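Good morning, everyone. Please put the model up on the screen, and then I'll walk you through it.

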Amino acid sequence: MEVQRHAGRARRTPRRALVTGGAGFVGSHLCEYLLAEGVEVVCVDDLSTGAVENTAAMAADPRFTLVRADVSEGLPVTGPFDLVAHLASPASPLDYLRLPVETLRVGSAGTLHALELARAHGARFLLASTSEVYGDPQVHPQPEDYWGHVNPVGPRSVYDEAKRFAEAATTAYRTRHGVDTGIVRIFNTYGPRMRAHDGRVIPTFVSQALVGEPLTVAGDGSQTRSFCHVDDTVAGLWAMARCAHPGPINIGGANEMTVAELADRVIRLTGSRSRIRHVPLPQDDPRVRRPDTTLAREVLGWRPSVEVDAGLATVVEWFARRAQAVA
Ligand code: NAD
Ligand code: UDP
C-alpha cells in the first residue's frame, strides 16, 4: 500500500480489493467507488439478496471481476489483495427473517473466512457492521462505547448477534494475529438500487407513493431513524479503508426523524395522493436511533453531505425510471 499523510492522518491507497457482498445495494456502490479511485476489484457474492444487474455498469471494466460463491463456504479467489471489505450479509429485516441461519452463518463462518484471507495477504480488513449492535438503545444518541441492548432470542437477533460475533472475531484477529482491521458501524443507508420489496422503509414508502398506494407506517410512527445516503456511506467506508484505525466507528446520518415524518416527506416529495395506513409494529423494533459521529469526524474527517430531500429524490428517480422501463 502506498502511504500518504493527509491532514495529519495516515492515508493508504489500496491497489486490489476483495469486496464480499459486492452485488448488493451498498456493496455495488462501494465497488464502483473503488474502481473510480483506481482500485482493482474482485467481488464475491452468492446473489442471495443481491443481483448481477447491480454490477452491470462495471461489467465491461477489465479491472472488475464478479465471482458467484457463498462466503460462508469459503472464498474461491486468488490474491494479491491489500483490502478485504466484508459486506456479505442479508441486511433488510425481511431478508434476514427469511434467511435466519444463512445470516448467522455469513456473520460467523463468512467473517472468519474473510478474516483468514486478509491475514494471508496482509490486507486491511474492513467489517461492515451495523447500528443494530446497539439493539433497542437505552443511550441516545449512540456513541461507539455504548455496548447496546439486544434481545439474544428475539427475531432480530440472527442479524444483531451475527454482527456482534463478527465484531468480536474481527477484534480477535487484530489482537491474536495482528491483522489490520477496521470496524464500521453503518446506520440506516438508502439510495438507488434498493429493491422495492426488500421491506426497508425508504424503498417501501417511495414505491408505495409512486403508485398511489397507502404508506404502511408501523405502529404510531413515532419511532425514529437517522438516514444516510449511500454516497456518503461509501465515502465513509473508503476513508476507513485507507486509515489504520481499528474502530468501531459510526457512519450514519445526522437527520433523526420519526417514521411518520418520513412518510409525510415522501408524500410531499412525490406529490402523491397516497394516504397513511398504520400496520403493526414489528417485535423488538428499536424506538430510536441516531449515531454520535464525533469519532468519524475526528478520525476520518467524514461527515454526511447529502441532504435528505436531495437524497430521497435519487430514490424517487430510481424507482420512477424502473417503472418506465417495465411499462
Ligand atoms: P444487500 O442485501 O443489498 O447486500 C448484501 C449482499 O451480500 C447481497 O448482494 C447478497 O447477495 C450478498 N450475500 C449475502 N449472503 C452472502 C453469502 N453467504 N455469500 C456471498 N454473498 C452473500 O444489503 P446492503 O444494504 O447492501 O448491506 C450490505 C452490508 O452493509 C451488510 O453487511 C449490512 O449488514 C451492512 N449494513 C447495511 C445497512 C443499510 O442500511 N443498508 C446498515 C447497516 C449495515
Ligand atoms: N417501517 C415502516 N413501514 C414499512 C417498513 C418499515 O413503518 O413499510 C418502519 C420499521 O418498523 C422501523 C423503521 O421503519 O421502525 C425502519 O425500518 P427498516 O426496516 O428500514 O430499518 P431498521 O428497522 O432495520 O432500522
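Let's start with confidence. pLDDT is the predictor's confidence in each residue, from 0 to 100. Two residues are in contact if their C-beta atoms, placed from the backbone, lie within 7 Å. Now, where does pLDDT stay under 50? Over residues 1-8, and for them the model has 12 contacts beyond four places in sequence. The mean pLDDT of the chain is 94. Of its residues, 95% reach 70 or more. The model scores are ipTM 0.98 and pTM 0.96.

Some ground rules. This is a predicted model, where local features need pLDDT of at least 70, side-chain atom pairs count only at pLDDT 80 or more, and totals for chains, interfaces and linings use all residues. Residues are numbered from 1 along each chain as its sequence is written, while chains are lettered from A and ligands numbered from 1 in the order in which they are written.

On to ligand 2. Its shell has 14 residues, and Arg 200, Val 201, Thr 204, Thr 216 and Ala 218 come nearest. Here α5 (201-210) and β10 (215-218) give two or more residues. β10 gives the most, with three.

Now the core. A nonpolar core is a set of buried Ala, Val, Leu, Ile, Met, Phe, Trp, Tyr and Cys residues joined through C-beta atoms within 7 Å. Buried means 20 or more other C-beta atoms within 10 Å of a residue's own, again placed from the backbone. The largest such core has 79 residues. Val 84, Ala 85, Leu 126 and Val 184 have the most contacts inside it. Helix α6 (residues 230-241) supplies the largest share, eight residues.

Look at Leu 126. Leaving aside neighbours within four places in sequence, its contacts include Val 84, Ala 85 and Val 184. Leu 237, Met 240 and Ala 241 are also among the residues that Leu 126 contacts.

Definitions and conventions
A residue is near a molecule or strand if its C-beta atom, placed from the backbone, lies within 6 Å of it. Helices (H or I, at least four residues) and strands (E, at least two) are DSSP runs, numbered from the N terminus. A residue is buried if 20 or more other C-beta atoms lie within 10 Å of its own, exposed if 12 or fewer, and partly exposed in between; C-beta atoms are placed from the backbone.
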